[in-house]
Amino acid sequence: MNSQADKLTVYSVRPDFVPKEAYICPTFARLEKERLWPKVWQVACREEEIPQVGDYVTYEINDESFIVIRTAADTIKAFFNVCLHRGRRLTAGAGRIPMFMCKYHGWRWNLDGSLNRILDRPDWHGCPAVSDDDFRLREAKVGLWGGFVYINPDPQAESLDDYLAPVPEFINPFELEKMRYRWYVSVKLPCNWKVALEAFNEGYHVATTHSQLLPTMGDDVTRSFTFGRHGMFGYPTATRPWGAPSPRTGQPMPDDIRPGVVSFFDEMNRTLRAIYTERDAEASRRLLTEVPPTNDGLEVISRVLAFQKEAAEASGAGWPDLSLEQMARAGINWHVFPNQVFLMYADGLLCYRARPAGDNPDSCIYDIWSLQRYAPGAEPPLQRQYFYGPEDWKHFHKISIILQQDFDNMEEVQKGMKSSGFTAARPSPLQETSVSNLHTHIHQYLYGDRQHPD
């Protein structure tokens, strides 16, 4: 390995300091490819994408490709997506198959990865290492949580349960496994995968990037916390509730926050189309006719949750057994190391997955999933949309106005980090701790305890 190149990418991270090489250096991207992605648990798909035996999704990261497939009613496996004869990939996209077949020379495998057929097999008579076991498809580890299917290429990896801890302790009450896709969009962005992900694992940017939300979102000052390799943020120091204007606006606390709460749910459903559902927005309107005017935030939120629960249960979608205390403890947003971020509510979820787009540190694939609770069988058919053209990301407002505002920052951030006048990101040590924590743990995968290369 080129030690001089390594010196460009070995760095120290502080809660308020992340050197720019982590975002723009090709050597750093190469080390992530070699030392991070082959060792970590990462979301490959949702269980509802592969409900029947033979259903599969192809998951790609860097040069690797994996087939995630349901091999039995209660079994999901992941295989390296490669023919062991001449190296052709076996699948692309998603679908359903009765067995694996290479379209180059017709070799076949059963769904459990065992060899089914070698065309003209006697040709190999007497050759070493041509048993059925030698040609069995290579497996990656698989783990399930919250309806998500995770894979890890490392056969020696710790269990998914150990890796995720303590995230499930906070999130399991939301019953993510009972949610289904509202929409699924994948977009190619002109920035590093961490630039994209970090735009969504802190709330510090809302006051400027999404200033239209300030009149009804209450106090928008966040606090960020870390739990080992994972992180989260919430509003534990908030002085104003939902429905009231942020103190940043200079507007006084209103005597009646009911209209503000209704406006908040309407705005989020209309411009984000995630986390909160159309059903939530409609149910919130009952505040205006069934609750007396008040600025008691706890009273209003308790009542709106009761109305939303009633609407969800009436639809057959159900509602989690989730207390206000559990919601407050869980915060708003979680970052599961390295590349998953989600924002959860009792009725919906917004989930992000960031991946490098090849070896270019200036490009990434960003998958956005809006999930919600549906009555069994009432969920819409899954339609994956792809914004992969060079300028497609600039038209994401067709899906979500709020996310377009976020994407508009990213190209400029990636360009700006290349300036000789910029040496490091300086995240807030109170509101953006998840950002620096991500880099602290990436450093561990890339360099162990070393601060400088040997």
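Colleague: Which strands form the open sheet, and in what order?

Modeller: In this predicted model, where local features need pLDDT of at least 70, side-chain atom pairs count only at pLDDT 80 or more, and totals for chains, interfaces and linings use all residues, the open sheet has 7 strands in the order β2-β11-β10-β5-β4-β3-β6, with antiparallel pairing. Residues are numbered from 1 along each chain as its sequence is written, and side-chain values use heavy atoms, with hydrogens and water left out.

Colleague: What counts as a strand, and as a pair?

Modeller: Strands (E, at least two residues) and helices (H or I, at least four residues) are DSSP runs numbered from the N terminus, and two strands pair if DSSP finds at least two bridges between them.

Colleague: Now the hairpin of β13 and β14: how many residues are between the strands?

Modeller: The hairpin has 2 residues between its strands, and glycine 228 there takes a positive phi near 65 degrees. Strand β13 (residues 223–227) is joined to β14 (residues 230–234) by 5 bridges, in an antiparallel arrangement, and phenylalanine 227 has histidine 230 in β14 as its bridge partner.

Colleague: Changing topic, how far does helix α14 reach?

Modeller: Helix α14 (residues 433–447) has 15 residues and reaches 21 Å from its first C-alpha to its last, close to the 21 Å expected at 1.5 Å a residue, where the expected span is 1.5 Å times one less than the number of residues. Just after α14, glycine 448 takes a positive phi of about 65 degrees.

Colleague: How many residues of α14 are buried?

Modeller: In α14, 11 of the 15 residues are buried, so the helix is largely enclosed by the rest of the structure; among them are Val435, Leu438, Ile442 and Leu446. Buried means under 20% relative accessible area, exposed means over 50%, and partly exposed lies in between (1.4 Å probe, protein chains only).

Colleague: What is the count of salt bridges?

Modeller: The count comes to 30 salt bridges, each being a side-chain nitrogen of Lys or Arg within 4 Å of a carboxyl oxygen of Asp or Glu.

Colleague: Which residue does arginine 89 form a salt bridge with?

Modeller: Its partner is glutamate 60, with the closest N and O atoms 3.1 Å apart. Arginine 89 lies in the loop between β5 (75–80) and β6, and glutamate 60 in strand β3 (residues 55–61), so the pair ties together parts that are 29 residues apart in sequence.

Colleague: Which pair is 160 residues apart?

Modeller: Glutamate 169 and arginine 329 form a salt bridge whose closest N and O atoms are 2.6 Å apart, and this pair links helix α5 (residues 167–171) with helix α12 (residues 324–330), 160 residues apart. Glutamate 169 counts as partly exposed at 49% relative accessibility, and arginine 329 counts as partly exposed at 44%.

Colleague: Which residues are linked in a network of salt bridges?

Modeller: Arg14, Asp16 and Arg426 are linked in such a network.
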